[in-house]
Amino acid sequence: AQEISSTGSGIGVLGHQRQLNTFYHQGDYYLYDTTKRMNGVIETFTNQGRGDRNLPGVYVKDEDNRFTNQEQQAAVDAHYHAGQVFDYYYNTFGRVSYDDNGSTIRSIVDYGNNYNNAAWLGDKIIYGNGDGRSFAPLSGANDIVAHELTHGVIDETADLVYANQSGALNESFADVFAYFVDGDWLIGEDVYTPGIEGDALRSLANPTRYNQPDHMNDYQHLPNTRDGDWGGVHINSGIPNKAAYFTVHGIGVSKAEQVYYRALTTYLTPNSSFQDARQALVQSAQDLYGESAAQEVARAWDRVGVN
Ligand SMILES: CCC(=O)Oc1c(C)cccc1C(=O)O
Ligand SMILES: [Ca+2]
Ligand SMILES: [Zn+2]
């Protein structure tokens with residue numbers, strides 16, 4: 001049968017026109033992108049609102065290669081933003097997909113019912129559609145897509161244990177690379193509370209704005225349970241997030257992204273603490289850019305009380 005890669009179009013969650021890499025197969029066009037290097041395929045499924053027992057759901061397809069229906073919007077953005085994040089990691093670090101071995105990036109949208117979450121499940125990403133009040137469909141935010149795929153990168157590199165300080169670092173590195181991809185200090189702002197302008201899930205510039213600590217004096221010792229957010233991984237991440245904000249202002253974003261990538265892929269290990277992260281980042285800055293950059297990174301961590 002004739003099978004060809006093709007270029008389609010679509011409309012995203014916020015009404016943006018998107019150009020899409022699709023695949024023609026037996027009369028239909030699929031959200032299946034084979035244009036990436038080393039056969040890095042990007043494919044998008046819908047779970048049609050069912051739960052995790054039905055993963056990965058069904059391929060998203062369209063008969064005229066124009067994915068313009070309302071119910072296709074979440075899939076359009078999951079596919080488009082996954083391609084953007086693949087390109088970011090390849091163009092910036094030469095990394096081919098989350099595992100640097102060209103693994104398929106598989107996204108599933110329409111997960112669950114009114115699900116206000118997104119998650120990396122080890123080899124796929126799931127996105128809820130939100131309940132329309134707390135969230136619009138979550139794949140509509142490129143920083144959320146970057147955050148989830150970075151969880152994949154982290155698992156394949158430092159593999160930071162998702163609890164307590166290593167877990168807060170896991171969360172922070174996911175937010176920091178989301179910042180590098182999206183370019184602003186807010187996380188999730190494009191889909192968070194669609195009825196309220198200007199707010200976000202988190203802010204790296206002002207963690208306290210969204211009830212996160214930005215200094216060790218306010219580190220929250222919580223139980224390593226689901227109710228304790230695994231020791232506060234989404235709370236205490238405010239401290240390394242603020243250090244990242246100071247680091248970018250110290251050495252600039254182009255150096256900072258190489259320093260963060262080198263720390264993640266060379267020095268950090270599953271049980272790394274905030275202190276270990278400071279050392280890994282200072283050493284990476286020293287390796288790549290010398291003494292003055294290393295001192296700027298050390299200063300950034302001094303300012304959040306991690307010495
Ligand atoms: C920025 C993306 C993010 O934080 O996604 C999550 C949401 C919305 C709820 C629960 C967990 C996560 C996560 O990926 O850590
Ligand atoms: Ca953002
Ligand atoms: Zn996360």
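Throughout these legends, Ala, Val, Leu, Ile, Met, Phe, Trp, Tyr, Cys and Pro count as nonpolar, Asp, Glu, Lys and Arg as charged, and the others, Gly among them, as polar. The model shown is predicted, so local features need pLDDT of at least 70 and side-chain atom pairs count only at pLDDT 80 or more, while totals for chains, interfaces and linings use all residues. Residues are numbered from 1 along each chain as its sequence is written, chains are lettered from A and ligands numbered from 1 in the order in which they are written, and side-chain values use heavy atoms, with hydrogens and water left out.

**View 1. The largest pocket and its lining.** Here is a pocket with a volume of about 790 Å³. (On a 1 Å grid over the protein atoms alone, a pocket is an open set of points where a 1.4 Å probe fits, with protein on both sides within 12 Å along at least five of seven lines; lining residues have an atom within 4 Å of a point. Grid points are joined across faces, edges and corners, and the volume is the space filled by probe spheres set on them.) Of its 25 lining residues, Asn 117, Ala 118, Ala 119, Tyr 162 and His 234 lie nearest the centre. Two or more residues come from each of β10 (118-120), α2, α3 and α4 (229-232), with α2 giving the largest share, five residues. (Helices are DSSP runs of H or I with at least four residues, strands runs of E with at least two, numbered from the N terminus.) The lining divides into 13 nonpolar, six polar and six charged residues.

**View 2. The zinc ion (ligand 3) and its protein donors.** His 147 (NE2), His 151 (NE2) and Glu 171 (OE) lie 1.9 to 2.1 Å from the zinc ion. (Donors are N, O and S atoms within 2.8 Å of the metal, or 3.2 Å for Na, K and Ca; water is not among the atoms, so sites may look incomplete.) The pair His 147, in helix α2 (residues 142-156), and Glu 171, in helix α3 (residues 164-182), links parts of the chain 24 residues apart.

**View 3. The hairpin of β1 and β2.** Strands β1 (residues 3-11) and β2 (residues 17-25) pair in the antiparallel sense over nine bridges, pairing requiring at least two DSSP bridges. Look for Ser 5, whose bridge partner in β2 is Phe 23. Five residues separate the two strands, and Gly 15 in the turn has a positive phi of about 85 degrees.
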